Amino acid sequence: MRFYEYEAKELFKRHGMPLGKGTVIAKTNAAADARAAFAKLGGIPVVLKSQVLSGGRMKAGAVKFADTADEAADAAEAIVPVEVNGQICKSILVEEKSPIAQEYFVAITWDGRAKRPVCVFSDMGGIDIEEVAETHPEHVSKTHFSSILPLTPRIAKEAVGATGVTGSDLNKLAPIVFNLMKIFLKYDLTLAEINPLAKLEDGRFIVLDGHIDMEAEARGEHKAFLDELGIDDDETRLARPPTPFELAGAKVNAADHRGVAGNVVEFDGNLGLVIGAGGGSLTLFDAVRNHGGKPANYCEIGGNPSMSKTKELTKLILSKPGVEKIAVMMNVVSNTRVDIVARGVIKGCLEAGKDPAETIAIFRIPGAWEEEGFKILEKYGVDYCDRSVSMYDAAGRAVAKLKG
Amino acid sequence: MPGEFIDVIVDADIAKDAELAKKLEEICPVSIFAASADGVSIDESNLDECVLCDLCLQAAPKGKIQIVKLYDQ
């Protein structure tokens, strides 16, 4: 769940991060509000930034500078209609323009392979960090830390110092990085990024731009804070607006509390996926692609979804134009009933007017109640396999069947 | 009408037992049974939700309720 920049900065402000002066204006009366904001900030040069849940604002023309009230009004009017990667402007953040001496980059995120948070720091901020890592690897440090053991400022100092930053700059930067680490852990974030983190000409450091992604499952835990920011429960806050297909998937999941059959992400392939279980979704999605298949969707099922929930998800996936077959695959399941999922996908096919034997390319869900499930699949002539067939091979069988 | 996978047959002897009907409604985790003053009725739309827990079989006199797995036939 992504935050707008002004929300990220509100979070930073609450934790004592150094920020420039700024104010948010609505897009409905942008020109007049921009003039007022310009005056409120003291009539100094300002930067106006469209509030969208996407990067690439500068390139798209959604960030503009203004030295006068007239320029601020013009800039605000110009920014409002600009679409950035499919995202429309929610509001405009007007901030004082800061005289920058140097830009830094710092981000805290999860390293899935190390299974720990990692701090990525660079003394070459303001530009694409991947590019810096490729062209100037010595200017990028990656420092892992524990999410369980107590966090100490030393780890932040190491992260900054590893890029060659020393002296006063090191002493000023380390507390900011340390603070960001604490924010990352406290709010169950998946990304806490400051880019650029600017050193001003007078030697101060301030946060110029911030990106915050919160783990969607943690929304309940931080509801009070999200309410204070005005973030509604039904705001998905994805990097792009959800498609009607994805919204329909969320509706299927929300309609029945039993288990999970949702988190649908739309792709443009022809193989529908009903997948899940303990990381199985990602593994299976990748396996399908590795075999040359084109997934029509990503999804997650698990936690023993009811027959009707699985059925509705199946029908939704089959309703997607271009979907010829579905592959029903999971890791070995202990808390999901194989027979209930089998019933759901078969009934989904039948209600969609399709022959389950023709439509289900493969059913590979080993685990609880599998004997009962396999009986059902046999009755309807569905091709299935047990745990002796790996997830990777099952995905291969599905792709091969689709290719004919 | 049976479900696609499951049918539940309640013997006529117990179908009008209002007390048993209440009990069946209470214990079924997927709301297959509905109780009324006239006894028990089956919500056909929920038949395929049956999780084969057998709680209804235990609540009713032996042999008076049958869970039929239609895919076994």
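# Exercises on a two-chain predicted model

A search of the whole structure, a predicted model, finds 34 salt bridges over all chains. The exercises below treat some of these pairs, then the two chains and their interface.

**Exercise 1.** Determine which parts of chain A are tied together by the salt bridge between A:Arg35 and A:Asp70.

*Solution.* 
Step 1. The side chains of A:Arg35 and A:Asp70 meet with an N to O distance of 2.6 Å. A salt bridge requires such atoms to lie within 4 Å, and the pair is counted as one.
Step 2. A:Arg35 belongs to helix H2 (residues 30-40) and A:Asp70 to helix H4 (residues 69-79), so the bridge ties together parts that are 35 residues apart in sequence.
Step 3. A:Arg35 has a relative accessible area of 38% and is partly exposed; A:Asp70, at 45%, counts as partly exposed.

**Exercise 2.** Classify A:Glu266 and A:Lys320 as buried, partly exposed or exposed, and locate the salt bridge that they form.

*Solution.* 
Step 1. The two side chains meet in a salt bridge of 3.6 Å, N to O.
Step 2. A:Glu266 lies in strand E11 (residues 260-266), whereas A:Lys320 lies in the loop between H11 and strand E14 (325-330), so the pair ties together parts that are 54 residues apart in sequence.
Step 3. Buried means under 20% relative accessible area. At 8%, A:Lys320 is therefore buried, while A:Glu266, at 26%, is partly exposed.

**Exercise 3.** Identify the helices of chain A joined by the salt bridge between A:Lys315 and A:Glu351.

*Solution.* 
Step 1. The closest N and O atoms of A:Lys315 and A:Glu351 are 2.8 Å apart.
Step 2. A:Lys315 is in helix H11 and A:Glu351 in helix H12, so the bridge ties together parts that are 36 residues apart in sequence.
Step 3. Both ends are partly exposed: A:Lys315 has a relative accessibility of 24% and A:Glu351 a relative accessible area of 39%.
Step 4. Elsewhere, salt bridges with shared partners join A:Glu5, A:Lys9, A:Lys49, A:Arg57, A:Glu95 and A:Asp209 into one network.

**Exercise 4.** Describe the secondary structure and burial of chain A and chain B.

*Solution.* 
Step 1. Chain A contains 15 helices and 15 strands. Chain B contains three helices and four strands, in the sequence order β-α-α-β-β-α-β.
Step 2. Of the 404 residues in chain A, 51% are buried; of the 73 residues in chain B, 41% are buried.
Step 3. Among contacts between residues at least 6 apart in sequence, those joining residues at least 24 apart make up 69% in chain A and 58% in chain B.

Notes. Residues are numbered from 1 along each chain as its sequence is written. Chains are lettered from A and ligands numbered from 1 in the order in which they are written. This is a predicted model: local features need pLDDT of at least 70, side-chain atom pairs count only at pLDDT 80 or more; totals for chains, interfaces and linings use all residues. Side-chain values use heavy atoms; hydrogens and water are left out. Helices (H or I, at least four residues) and strands (E, at least two) are DSSP runs, numbered from the N terminus. Buried means under 20% relative accessible area, exposed over 50%, partly exposed in between (1.4 Å probe, protein chains only). Contact means heavy atoms within 4.5 Å.
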